[in-house]
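This report walks through a single protein chain for a reader who meets it here for the first time. Please look over the sequence and the structure before reading on.

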Amino acid sequence: MAQDDLPSVFELTPLNPNFNQNPHALLDRLRNECPVHRDEAAGTFVLTRYADVRGTLSDTTMWRDPARAEEAAILPRRLLDPPPPGLEVHEGSDSSILLSDDPDHARIRNPLQMALYKRVAKCRPLVAKVVDEILDRINGNQFDVMDTFAVPVPIDVIARILGVDDTMLVEFRDWSEGVILSLNPFRTPEQTEKFIASANALNAYFHELMMERRKNPKDDLISDMMVLQAEGAPLTDGELQNNLQGLLVGGNLTTTDLIGNGVWLFLTNPAELAKLKADPGLINSAVEEILRYESPVDITGRIASRDMDVGGCPIKQTQSLFMSLRGANRDPETFPNPHKFDIARKDAPHVAFGGGAHLCIGSPLARLEAQVALPAFFARFPNLHLADPEALPQWRSLPFFRGLQRLDVRA
């Protein structure tokens, strides 16, 4: 079949109703017929085979900065568009570790990662406390899991880790949800206005918090970063502000979807939930299977740093590659019976968090939150079921992400 008969990048987003409800019908076809597919309209290759995706992600010589892509790489270069009017631009605004290469990537990421991972290593009691507080707030026998549980857990956890004052939690939650709108390239004017106001407010708050912690350090991540700066860590306040906001945008949304997708998968696969209840020690492998089976992120990108061959297809230096994490995680060559949800699966590691130098910096925290939140949720609501078992799941239409708009349940 000709490549122009295969799905485009646009058709591989939840804006396509068919992909929204059943992405693997298209991804399986693409992997079978053309696992390294060139989409000329988007100006990128699309990779769907696990071996190609994992190999490309693991290659630390590949570039991430969209400015290094060829002019024909239309979709990746959209990331270079100027910020919307009204969004305050400051020193460090263009320093995101998500879109930078070494040496700047390592210079900014390494101290932030070191401080964050030290916090995560000792914050299980904090996560458990936040989860219990949020469960205590759920009232009634019918509720939306996303609104009442999956959304607030990661926001409140990162707020406590950062050192957000309890009196600011309401505003911080509102700003955190507002900046997530930046991920939607098709947002309405009202949503853009909300995003700009939230981003500006968060930047101002982070600046204020950093100034305060520099004078009066406390037991939180912001204080840790101020200490590292004082000890010579070569990153500026603006770079730190920008990447803390990036941590919120990427981490909160994807962890919300990890928790929400997990609840939905267990409710629609009751035998797996029974297996987990019978053996709580399966929770770690259960979280990994949720990440594989219903990955919160659809794709990630790289720019070829040299002429190369991927899966038998020649790639030229500066050409763009999109890796379908979702497609790779259901590749039958790597995962036998890939469309079966099996929390005791012991196959190759999934690629839900990407890989290589750009492996998701928040992955240890996301895993921990899901490992704590899911058992606590089902222990609190042991007889939970879907409010309408016959209804189709309400997946969000946010491009390149996979999560539920709402999940109505009865206790």
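Predicted model: local features only at pLDDT ≥ 70, side-chain atom pairs only at ≥ 80, totals over all residues.

## The chain as a whole

Taken along the principal axes, the box filled by the C-alpha atoms is roughly 60 × 50 × 40 Å.

Of the 411 residues, 55% count as buried, and among the contacts with a separation of 6 or more, 72% are made by residues 24 or more positions apart. The chain exposes about 17,800 Å², of which carbon and sulfur atoms supply 54%. Its side chains include 42 positive and 57 negative ones, and the centres of these two sets lie 4 Å apart.

Four residues lie between the strands of the hairpin, where glycine 43 takes a positive phi near 75 degrees.

Helix α2, residues 23-33, has as its buried residues Pro23, His24, Leu26, Leu27, Asp28, Leu30 and Arg31. In an α-helix there are 3.6 residues a turn, so residues three or four places apart point the same way.

## An enclosed strand, β4

How many of the five residues of strand β4 are buried? Five of the five residues in this strand, 299-303, are buried, so β4 is largely enclosed by the rest of the structure. Ile299, Gly301 and Ile303 point one way from the strand, whereas Thr300 and Arg302 point the other way.

The pairing of β4 with strand β7, residues 320-324, is antiparallel and extends over five bridges, with phenylalanine 322 of β7 as the bridge partner of glycine 301.

Strands of a sheet pair through backbone hydrogen bonds, either parallel or antiparallel. In this chain, three strands form an open sheet in the order β3-β11-β8, with antiparallel pairing. The edge strands are β3, residues 142-144, and β8, residues 385-386, each of which pairs on one side only. Three bridges join β3 to β11, residues 408-410, and aspartate 144 stands opposite aspartate 408 of β11.

## Arginine 64 in its loop

Arginine 64 is found in the loop between α3 and α4. Is this residue buried or exposed? Its relative accessibility is 17%, and because buried means under 20%, arginine 64 counts as buried.

Leaving aside neighbours within four places in sequence, the contacts of arginine 64 are Leu98, Leu99, Ser100, Asp101, Thr300, Gly301, Arg302 and His358. By contrast, asparagine 284 is 220 residues from arginine 64 in sequence and 30 Å from it in space, C-alpha to C-alpha.

## Backbone details in the loops

Most residues other than glycine have a negative phi, and most peptide bonds are trans. A cis peptide bond, with omega about 10 degrees, joins aspartate 102 and proline 103, and proline 103 lies in the loop between α4 and α5.

Asparagine 337, in the loop between α15 and α16, has a positive phi of about 50 degrees although it is not a glycine; this asparagine is exposed, with a relative accessible area of 51%. Phenylalanine 400, placed in the loop between β9 and β10, likewise has a positive phi, near 75 degrees, but it is partly exposed, with a relative accessible area of 22%.

Definitions and conventions
Residues numbered from 1 in each chain as written. Heavy atoms only, no water. Pairing = 2+ DSSP bridges. Helix = DSSP H or I, 4+ residues; strand = E, 2+ residues; numbered from the N terminus. Buried < 20%, exposed > 50% of the residue type's maximum accessible area, 1.4 Å probe, protein only. Contact = heavy atoms within 4.5 Å. Areas by Shrake-Rupley, 256 points an atom, 1.4 Å probe, with all protein chains shown as cover. Lys, Arg positive; Asp, Glu negative; His and termini not counted. Charge placed at Lys NZ, Arg CZ, Asp CG, Glu CD.
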